[in-house]
Amino acid sequence: QQQQQQQQQQRQHHTIHYSCRQSCHFEEQFPRNMASGLKPFCDPQGKFRKSQVDGFHGWSEKLVHFPKPEELHSYIRLSCSEDGLGVHALANRNFESGDLVLAEEALIKIGKCARSDEQRMNRRFGQKATFLLPAMAIAWEGVSEEQRKAALDLFFVHPSMQRADGQHVEGNLIACRDMINEYKQLACFQPLELLQFLHIIDLNIHKDDEDSERHSAGIFVLGSKFSHSCASNCSWSFNAKGHLQYHAIRPIRAGEPLTFSYIGNGMNLLMSTLERRRRLCSLWFVCQCARCCQPDFARRMSCPRCKADGSCLPNYNLDVQSINTGNAPPSQIPDADTWSCSACSAKCRKDEMPLQAESSISEALCGAMSRGRQQFSGPVSKEVAFYWKIKRDAQHAVGSKHWITALATFAWLQQCLVQLKCDPVILHTEAQFQKGSRMFSKWLEENAPDNVEQRLSALFASVRLESDLGGGMAAFGYDLDDKLGGSVSCRERLKEHGWDITPEGSMKLRNDEQPGDGAEMVTG
C-alpha cells in the first residue's frame, strides 16, 4: 500500500511538473483545432475514434515537414479498417520512382542507452532487457504528457497486450512494475501502460545503424502508418536533421497502400512466402500482402514424379484467424501438406518433397550470408567455392527455379567480384559468370518483378562484372531499356551513377568517379 501511495504521489508530481513546464508553449505549437491551412486527411468512412482523428491532424501539423500542411491531404490519406490492416496510409495522388512522399519529425525520439544502464538492465532482467531498454534511452525531461498520451492513443496495440492476465504479458508486466519502482522518470506510467508503450516502440520504431555517427531513432505518427509489403513501393531513410523520409521506389497509383518492408530491403525478401511469414510472425501478424497471397513462385521445386524442373508449387492452407501471432514460434505458420505439379498434374504429398534438404541448404546459405566474411578465414576463393557448392547442391536437390538456387547464385557472383580484384587466377569462366547473371536476372523478372531494390542490387553487381570482363550487358541478361519494375530505365539509372555505356553495350566508369550501387547491396 505504501508503494502504491508513493507511486501515486510520484505520478501526480510528474503530471504537475509536465503541465507547468509544457502548457505555456504547447498550446502555441499544437493548436486544439486544425489550422485553416490543414485539410482533413482521415477517411470519414474509417473506423477512427474522434481522439485519433484530432491527434493525427494536430500532430501532423506540428511534426510533418513535407509536404506542406495545406498539401498533405493531396499526398496521403489515412484509412482505418477491421481487416487486419488497422490504421494505414494510402496514396492520394500518383507518385513516380524517386518522389519524396513524406518527411516527418519523431513524436518521441529514442536515443542510445548508456552502456552502464544497458549492463545493469541485462543483469537485472536478462532476456527481457532488450524489450525494456528503450524506456531508458528516452530523454523523458523533454517529453510532454501530451506526447506520452499520443503515443498510447495513435499507435497499434495488439489485443493480447491490453489485458494484464494475457499469455504474453505477465512476465513483462512484472518487469515493467519493477522498472517504475526503480526509475522515477517512469513514474508517469502504470505498469500496463508502460508495457503497452514498449510494445508500441517494439512494433513501430524506425532507427538507423546502431554504429553510425549520427544516431536517429524514434516513433513517427504518420510514418508508422505505412504498411508492410514483401514487394514494397517505398523505402525510408533519415535526413541530416534526423527526420524520417519516405521515397517512392516504383510508380504508385492513387489509392494504393503506401508500403515498405518490415524485414529490411535485403535479399532475404526473395525467400519463399513460408520463410517470409515465419520471419514476420514475431511482429504479431501473418503477412497478407499481394505477393504473399499469390502462388509461392519463389519456392518452385522439381516434381518427384515427372522430374520436371520447377513445376511443383506448394498448396498452403493457412487459417490466419486461428494463428495467435503474439510472439508465435515460426512453426506456428504451417507448411503445405500437398504440392501441385503443373507439368503432369500430380498432387504430391509433402513426404515426397525434399523438404529436409531444402531446410538444411537454406540454413547453410542464410547463415553464411548473414555472418559474411567473419565465418571464413583465408583467401576469398574459399567463399567462392562455398557458394558455388551451395548453388550446385540446391540445383540438384530442389531445382533451378527455387529461391535457394537463385540466391546462392547471386552470393557466388558477389564473391567472384571480390575475387576478380584480388586473385591472379580465377577458376570460373566468363561464360559461367554471364550464365549466372542471366539466370538470376530472369529469376527476378519471373518471381519478384516488383522487388525493385533487389533487382537493382543484381543489376549493379552485373554491371561491375561486365566492366571487368566485357561482353556487353545483354550477355549478362539485361536490356538497358528495361525499367526493372520502376519508372527509370537501366540506361538512365546507370548514367546517374557514373557509368558510361559504349555502343556495344559495355560498361565504363567515368574518370575519377566511384562506382554507384543504385541500391544497397544488403544480403543478410
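What follows is a short exchange about how features of this predicted model get their labels.

Biologist: How do you know how far to trust the protein chain?

Modeller: By pLDDT, the predictor's confidence in each residue, from 0 to 100. The mean over the protein chain is 86. Of its residues, 85% reach 70 or more.

Biologist: Which elements have the lowest and the highest mean pLDDT?

Modeller: Helix α1 (residues 2-29) has the lowest, at 40. Strand β4 (residues 100-104) has the highest, at 98. Over residues 6-36 the pLDDT is below 50. That stretch still has 33 contacts in the model beyond near neighbours in sequence. Residues 517-524 also have pLDDT below 50, with 28 contacts counted that way. Where pLDDT is low, the predicted coordinates should not be read in detail.

Biologist: What makes up the secondary structure of the protein chain?

Modeller: It comes to 16 helices and 16 strands. Buried residues make up 50% of the 524 residues. Take the contacts with a separation of 6 or more: 67% of them join residues 24 or more positions apart. The accessible surface comes to about 24,900 Å², and 47% of that belongs to carbon and sulfur atoms.

Biologist: How do you know that the span of α11 is close to the expected one?

Modeller: Helix α11 (residues 355-371) has 17 residues. The expected span is 1.5 Å times one less than the number of residues. For α11 that gives 24 Å, and the helix reaches 24 Å from its first C-alpha to its last.

Biologist: Which residues of α11 are buried, and what covers them?

Modeller: The buried ones are Leu-355, Glu-358, Ile-361, Ser-362, Leu-365, Cys-366, Gly-367, Ala-368 and Met-369. Their cover includes α9 (273-280), β13 (338-341), α12 (381-397) and α13 (403-422). After α11 comes Gly-372, with a positive phi near 70°.

Biologist: Why is Ser-345 called exposed?

Modeller: Exposed means over 50% relative accessible area. Ser-345 has 65%, so it is exposed. Ser-345 is found in the loop between β13 and β14 (347-349). Its phi is near 65°, a positive value in a residue other than glycine.

Biologist: Why does Leu-484 count as buried?

Modeller: Buried means under 20%. Leu-484 has 2% relative accessibility, so it counts as buried. Leu-484 is found in the loop between α15 (452-469) and α16 (490-496). Phi of Leu-484 is near 50°, again a positive value in a residue other than glycine.

Biologist: What makes the bond from Phe-66 to Pro-67 cis?

Modeller: Its omega is near 0°. Pro-67 is found in the loop between β1 (64-66) and α3 (72-75). Most residues other than glycine have a negative phi, and most peptide bonds are trans.

Biologist: Why is Asp-468 called partly exposed?

Modeller: The label covers values between the 20% and 50% cut-offs. Asp-468 has a relative accessible area of 37%, so it is partly exposed. Asp-468 is in helix α15. Leaving aside neighbours within four places in sequence, Asp-468 is in contact with Leu-417, Leu-420 and Lys-421. Asp-468 and Met-507 are 39 residues apart in sequence, and their C-alpha atoms are 8.8 Å apart.

Biologist: Is Asp-351 buried or exposed?

Modeller: Exposed: its relative accessibility is 59%, and the label needs over 50%. Asp-351 is in the loop between β14 and α11. Its C-alpha is separated by 8.6 Å from that of Asp-337, 14 residues apart along the chain.

Biologist: Why does Asn-204 count as buried?

Modeller: Asn-204 has 11% relative accessibility, so it counts as buried, the cut-off being under 20%. Asn-204 lies in helix α8 (residues 191-204). Not counting residues up to four places away in sequence, Asn-204 touches Phe-155, Phe-156, Gly-218, Ile-219 and Ser-224.

Note on methods
Residues numbered from 1 in each chain as written. Predicted model: local features only at pLDDT ≥ 70, side-chain atom pairs only at ≥ 80, totals over all residues. Heavy atoms only, no water. Helix = DSSP H or I, 4+ residues; strand = E, 2+ residues; numbered from the N terminus. Buried < 20%, exposed > 50% of the residue type's maximum accessible area, 1.4 Å probe, protein only. Contact = heavy atoms within 4.5 Å. Areas by Shrake-Rupley, 256 points an atom, 1.4 Å probe, with all protein chains shown as cover.
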